[in-house]
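Q: Please take a close look at a single part of this model and describe it in one connected answer. What covers it, and what lies beside it?

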Protein chains: 2
Amino acid sequence: MIKIYEDERSIEQFLDLMKKRSEDDSKEALEAVENIISLVRAEGDASVRDFTEKFDGISLGDMKVSEKEIEEAFENVSTDIKAALEKAIANIEYFHRKQIRQSWISTEENGVMMGQKIIPLEKVGVYVPGGSAAYPSSVLMNVIPAKLAGVKNIVMVTPPRKDGSIDVNILVAAKLAGVSEIYKVGGAQAIAALAYGTESIPKVDKIVGPGNIYVALAKRVCYGKVDIDMIAGPSEITIVCDDKANPRFLAADLMSQAEHDKLASSVLITTSKALAEQVNDEIIKQLQNLSRKDIIEASLKNYGGILIVNSLGEAIDLSNTIAPEHLELMIENPLSYLGKVKNAGSIFLGQYSPEPLGDYMAGPNHVLPTNGTARFFSPLSVDDFIKKSSYIYYTEDALKALSESIMVLAKAEGLDAHGNSIRVRVDNE
Amino acid sequence: MIKIYEDERSIEQFLDLMKKRSEDDSKEALEAVENIISLVRAEGDASVRDFTEKFDGISLGDMKVSEKEIEEAFENVSTDIKAALEKAIANIEYFHRKQIRQSWISTEENGVMMGQKIIPLEKVGVYVPGGSAAYPSSVLMNVIPAKLAGVKNIVMVTPPRKDGSIDVNILVAAKLAGVSEIYKVGGAQAIAALAYGTESIPKVDKIVGPGNIYVALAKRVCYGKVDIDMIAGPSEITIVCDDKANPRFLAADLMSQAEHDKLASSVLITTSKALAEQVNDEIIKQLQNLSRKDIIEASLKNYGGILIVNSLGEAIDLSNTIAPEHLELMIENPLSYLGKVKNAGSIFLGQYSPEPLGDYMAGPNHVLPTNGTARFFSPLSVDDFIKKSSYIYYTEDALKALSESIMVLAKAEGLDAHGNSIRVRVDNE
């Protein structure tokens with residue numbers, strides 16, 4: 001069911017295979033996206049409407065979701081789901097509130113002042129996929145940090161269904177989390193509209209949220225014109241365990257990652273071959289009752305694996321090489337190993353912190369760097385919705401004290417007018 | 001000399017013109033860059049050497065700058081310049097040390113622990129342009145925050161001169177700031193080598209530093225494979241002043257920005273037409289003695305302007321629309337206007353805080369968002385050289401308390417195996 005790798009060479013080959021999951025972008029898709037963007041830039045709403053008709057099969061009047069639609073969503077949402085969303089919001093807010101940073105100032109004895117100002121972005125766009133991948137939890141994870149950062153205008157876009165409607169749970173999650181306005185538009189046309197603005201859809205400063213290949217490419221093309229969150233690839237989990245870990249839990253967690261996508265990767269690293277085989281047996285057993293059985297099988301076959309190593313230290317080194325989106329440390333005293341983890345989006349410690357707890361309820365963000373990019377990218381956070389400005393205030397005396405040094409460097413760089421800007425102040429009669 | 005704009009319509013036209021300074025990338029340049037990247041990926045050092053011979057006109061043996069070359073640079077650097085660099089380093093470190101953030105943990109009464117871990121990037125690449133634009137100050141600004149963040153391996157790349165040497169000031173600045181290794185390679189080939197690694201040049205996690213159009217495009221193409229700092233455009237200053245500001249200072253500061261580049265933009269916003277004309281006279285007077293006269297004239301003609309408005313409030317609103325890289329507030333009580341500034345890379349307060357002070361000595365970073373991107377990008381900082389990981393530790397009881405809510409949402413999203421991962425723990429006999 002899931003392959004076990006024991007020797008160094010085969011482990012290395014497996015890691016290579018994992019990294020190659022996301023192939024280079026297709027030229028055709030890129031050209032299609034560039035074409036959509038230039039049409040939306042040139043023609044605005046008219047072009048957005050055309051693409052919605054073409055790709056989503058619906059000709060829309062007003063693209064904006066009305067107050068009435070939102071009221072109806074609240075009438076139709078199940079009580080259970082609404083209550084669960086509210087609990088999730090409380091926990092996500094609790095964690096993300098701790099990320100809020102303050103502007104600071106440094107006041108020097110000579111009268112100099114300098115510091116760093118934190119300013120929320122003014123307008124943010126949140127892309128929410130439609131269709132079978134309608135995830136209200138992702139709405140919460142993208143919107144709440146923006147709201148807590150102080151973003152005034154949070155614009156959500158999501159593709160309409162064939163009848164022009166939007167999933168009830170998505171609408172309720174958006175409203176509860178604090179979205180300001182919602183437009184029924186998806187795909188590259190939605191990204192273009194947010195990046196450049198149209199008659200009805202506002203231009204934003206940053207676009208966040210996952211999407212299909214067209215959405216991802218459009219975000220990349222518009223990067224620089226607007227900011228974007230990250231380049232997302234297929235999802236993955238790495239579990240490091242000792243021989244005391246519960247094979248039922250391990251099997252369940254590997255499969256919960258695998259069910260996302262045939263490209264998802266689920267990896268267990270352990271010192272125990274016996275445990276590896278128990279996990280394999282558990283997968284076969286539990287799989288029978290799972291509705292997304294086919295995806296799980298395909299994903300485990302393509303990119304799943306159990307890697308056998310000699311020590312826990314080696315296991316964590318290997319995990320640092322993988323730099324997984326999700327890392328579970330199913331070991332005794334997991335906190336004592338936290339310092340060894342160098343590359344991982346989100347870390348789940350112990351037997352009772354399974355990844356789905358983090359997906360929905362624990363509080364930390366579930367928008368995480370994928371496909372090895374935890375080497376340099378971070379989980380989505382309040383930091384992603386602010387920008388910084390630095391500032392200085394110098395006195396005449398303080399400037400004079402540094403003037404020689406500044407003029408030396410300006411001269412060394414051949415920037416004569418830079419020196420002049422200091423000179424006119426020093427020579428000032 | 002510098003044009004004065006008084007009515008709303010012509011001000012708007014000027015702002016439009018400013019924003020269009022950086023044209024869309026040329027297709028040809030992009031294709032050339034893509035070709036270079038794929039050759040360096042495939043052939044490594046051999047290809048890097050070929051491109052260095054082709055573009056820099058030198059066939060190199062060892063690409064790595066030797067200890068001996070660095071020693072010689074220290075023997076040959078002028079005492080003045082070395083002392084000025086050391087003073088700059090002290091001030092830049094003083095400011096950036098205040099940006100260092102701590103990992104945090106939140107420990108809950110029920111035994112739950114969660115938090116956010118700050119981890120320095122392991123390897124960072126710093127691109128330093130060669131030729132006439134050899135700026136040791138930029139070396140300091142790119143390297144110091146990386147060093148303070150805790151980055152162990154800082155790899156600098158810079159194109160060699162025709163005789164295979166590197167500017168002495170650049171080498172001394174690099175060594176003083178804490179660069180680990182230096183390679184004589186520039187252009188898109190340098191970016192490709194850092195992104196993918198070659199036999200002799202290490203693969204890094206992030207690439208920072210300015211460069212020409214080929215360097216900028218290569219960074220954009222490699223984004224996602226590595227992280228990059230930002231998409232840089234032509235430089236600019238906006239000065240907001242009241243009628244008490246000194247026209248000599250204003251003229252000098254506008255020209256110190258203009259001397260960078262014919263695409264640079266220098267804008268003064270004031271309530272006083274009389275002052276505007278004095279500034280124009282001062283520009284004509286001071287310009288005669290400046291060595292980069294031609295560039296300054298071209299830049300002021302193309303993208304320079306004095307905008308007359310009715311109030312200081314209006315002036316700052318206009319500046320927020322421009323979102324300038326550098327903003328000088330040459331007004332009385334400038335700190336009391338700091339709260340009104342929404343979009344600016346670095347803010348210079350009062351008569352004695354000219355922009356060149358910030359370029360070299362004050363302490364805040366001079367790598368700043370350009371061309372309106374201060375709407376969403378920030379100055380380079382220690383934050384750019386760390387990544388975050390979140391972590392959670394839950395107890396069995398704490399997980400059980402949330403299990404129903406998690407299963408409700410997993411079911412709503414059709415993610416059956418996610419629910420299963422909770423179920424196996426709750427049902428655990």
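A: Two strands pair if DSSP finds at least two bridges between them. Strands (E, at least two residues) and helices (H or I, at least four) are DSSP runs, numbered from the N terminus. The model is predicted: local features need pLDDT of at least 70, side-chain atom pairs count only at pLDDT 80 or more, and totals for chains, interfaces and linings use all residues, while side-chain values use heavy atoms, without hydrogens and water. Residues are numbered from 1 along each chain as its sequence is written, and chains are lettered from A and ligands numbered from 1 in the order in which they are written.

S10(B) has parallel partners. One is strand S9(B), residues 236-241, joined to S10(B) by six bridges. In this pairing, Ser266(B) of S10(B) has Ile237(B) opposite. Between S9(B) and S10(B) the chain passes through helix H10(B), residues 247-258, in a right-handed β-α-β crossover (with the strands pointing away from the viewer, the path from the first strand over the helix to the second runs clockwise).

Another parallel partner is strand S11(B), residues 305-308, linked to S10(B) by four bridges.
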